[in-house]
Amino acid sequence: MTGLTVVSPLLEVKGLKKHFPIMGGVLSKVVGYNYAVDGVTFSVERGQTFGLVGESGCGKTTVGRTVLRLTKATAGEVRFEGKNILALPLSRFRRMRGEMQIVFQDPYASLNPRMTVGEIIGEPIIIHRAGSAGERAKRVSELLDLVGLQARDTRRFPHEFSGGQRQRIGIARALALNPKLVICDEPVSALDVSIQSQILNLLDELQERFQLTYIFIAHGLHVVRHVSDMVGVMYLGKLVEVAPTDELFSRPCHPYTEALLSAIPIPNPKKKQQRIVLEGDVPSPVNPPAGCRFHGRCRRATERCKVEEPDLKDLGGGHQVSCHLF
């Protein structure tokens, strides 16, 4: 009898926390913490896109940066191909950095204005000693062609390009070392609407061609629906719902997810949509409320929600929700 081969996810995040210390007083002692990410767990299958959505300040960008060790985690595990990269010595982790890359949100701030495009895209190759000068120049030209730019652009500087072109340069840099995982941190939010679809289509094409795995961070649900296989909804440092994309949009379970989906405009003036307006302000991550963090704004909250924090419950088919209603 032949045993079945178990294929593990490319990335597994377990109980990830990032608490930023708050300094105060004459001696600058720690007087509190900003609980930016407070126990996040999810996994991403090879070749798929995991969308991470939520309001500004919910911690989704911090999750992406902590997964890549650009920000040091407070606790938790990040397993990449089965290895807990948070526990690896920096010398060993550096050898893996080429397999995990990021596309930043701001195409203006993320490119060094003093470097040419060729130097920007070729810099990862130099750092990781991945080829000779001739091989590097050839690779840079190939990457520019991949993202829809031209080889002669290598001698130009970032200020000579539009926002969409700069983001293409950022994508080319992220692909320089043939990564397996790319974290896209709101890669289209700073671009004109007319350019956003071009960049999204480019990311789609590159994923299909190179079997890339994406974590796609965004606050626009319409964008996430277009690109994601799975979606995780974050609120105040925690995941409140995780589900396959079609399932989430057709059967949202968490009251916060319902409110987010009700805010998406419908391109039909004859069809009315009932908007769920959330009352109150988002609590501070410095002093998060007890129990469910959403209970102060939830129209379906009970007394239990105020005192007991719900766990992510498995509803089947990859659908998980953190709510006492289930």
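Student: Which residue in E8 is the bridge partner of valine 53?

Tutor: In this predicted model, valine 53 has alanine 218 in E8 as its bridge partner.

Student: What makes strand E3 and strand E8 a pair?

Tutor: Strands pair if DSSP finds at least two bridges between them. Strand E3 (residues 49-53) and strand E8 (residues 213-218) are joined by five bridges, so they meet that definition. E3 and E8 run parallel.

Student: What does helix H1 touch on the sheet?

Tutor: Helix H1 (residues 60-67) packs on the sheet and touches E3, strand E7 (181-185), E8 and strand E9 (230-235). The direction of H1 makes about 150° with that of E8.

Student: What is the strand order of the open sheet of eight strands?

Tutor: The order is E6-E7-E8-E3-E9-E10-E12-E11, and the pairing is mixed. Strand E6 (100-103) and strand E11 (313-316) are called edge strands, as each pairs on one side only. From one strand to the next, the twist averages 20°.

Student: How many bridges join strand E1 to strand E4?

Tutor: Five bridges join strand E1 (residues 11-24) to strand E4 (residues 75-80), and the two run antiparallel. Leucine 11 stands opposite phenylalanine 80, while glutamate 12 has arginine 79 as its bridge partner in E4.

Student: Which strands form the open sheet of four strands?

Tutor: The order is E2-E1-E4-E5, with antiparallel pairing. Strand E2 (29-44) and E5 each have a single partner strand, so one side of each has no neighbour in the sheet. H1 lies across E1, E2 and E4, at about 110° to E1.

Student: Why is the pair of tyrosine 235 and phenylalanine 294 called edge-to-face?

Tutor: The structure holds five aromatic pairs. In the pair of tyrosine 235 and phenylalanine 294, the centres are 5.1 Å apart and the planes make 85°. Ring centres must lie within 6.5 Å to pair, and planes over 60 degrees apart count as edge-to-face, so both conditions hold here.

Student: What parts does this pair tie together?

Tutor: Tyrosine 235 lies in strand E9, and phenylalanine 294 lies in the loop between helix H9 (255-262) and helix H10 (303-307), so the pair ties together parts 59 residues apart in sequence. Tyr235 and Phe294 form one aromatic cluster with Tyr256.

Student: Why does tyrosine 235 count as buried?

Tutor: Buried means under 20% relative accessible area. Tyrosine 235 has 2% relative accessibility, so it counts as buried. Phenylalanine 294, at 2%, counts as buried too.

Student: What makes lysine 18 count as lying over the face of phenylalanine 20?

Tutor: NZ of Lys or CZ of Arg must be within 6 Å of the ring centre and within 35 degrees of the ring normal. Lysine 18 is listed as lying over the face of phenylalanine 20, at 4.9 Å from the ring centre. The charged end of arginine 69 sits over the ring of phenylalanine 93, 4.6 Å from its centre.

Student: Is isoleucine 169 buried or exposed?

Tutor: The relative accessible area of isoleucine 169 is 0%, and the cut-off is under 20%, so isoleucine 169 is buried. This residue is found in helix H5 (residues 163-174). Leaving aside neighbours within four places in sequence, isoleucine 169 is in contact with Leu111, Val117, Ile120, Ile121, Leu149 and Phe161.

Student: Which residues have the most contacts inside the largest nonpolar core?

Tutor: They are Ile121, Ile169, Ile171, Leu206 and Phe216, in a core of 53 residues. Helix H6 (residues 193-210) gives the largest share of this core, five residues. A second, separate core has 29 residues, including Val40, Phe50, Val63 and Met100.

Methods
Residues numbered from 1 in each chain as written. Predicted model: local features only at pLDDT ≥ 70, side-chain atom pairs only at ≥ 80, totals over all residues. Heavy atoms only, no water. Buried < 20%, exposed > 50% of the residue type's maximum accessible area, 1.4 Å probe, protein only. Contact = heavy atoms within 4.5 Å. Axes fitted to C-alpha atoms, helices over the stretch in contact; angles between N-to-C directions. Phe/Tyr/Trp six-rings, centres within 6.5 Å; stacked < 30°, edge-to-face > 60°. Core = buried A, V, L, I, M, F, W, Y, C linked by side-chain atoms within 4.5 Å.
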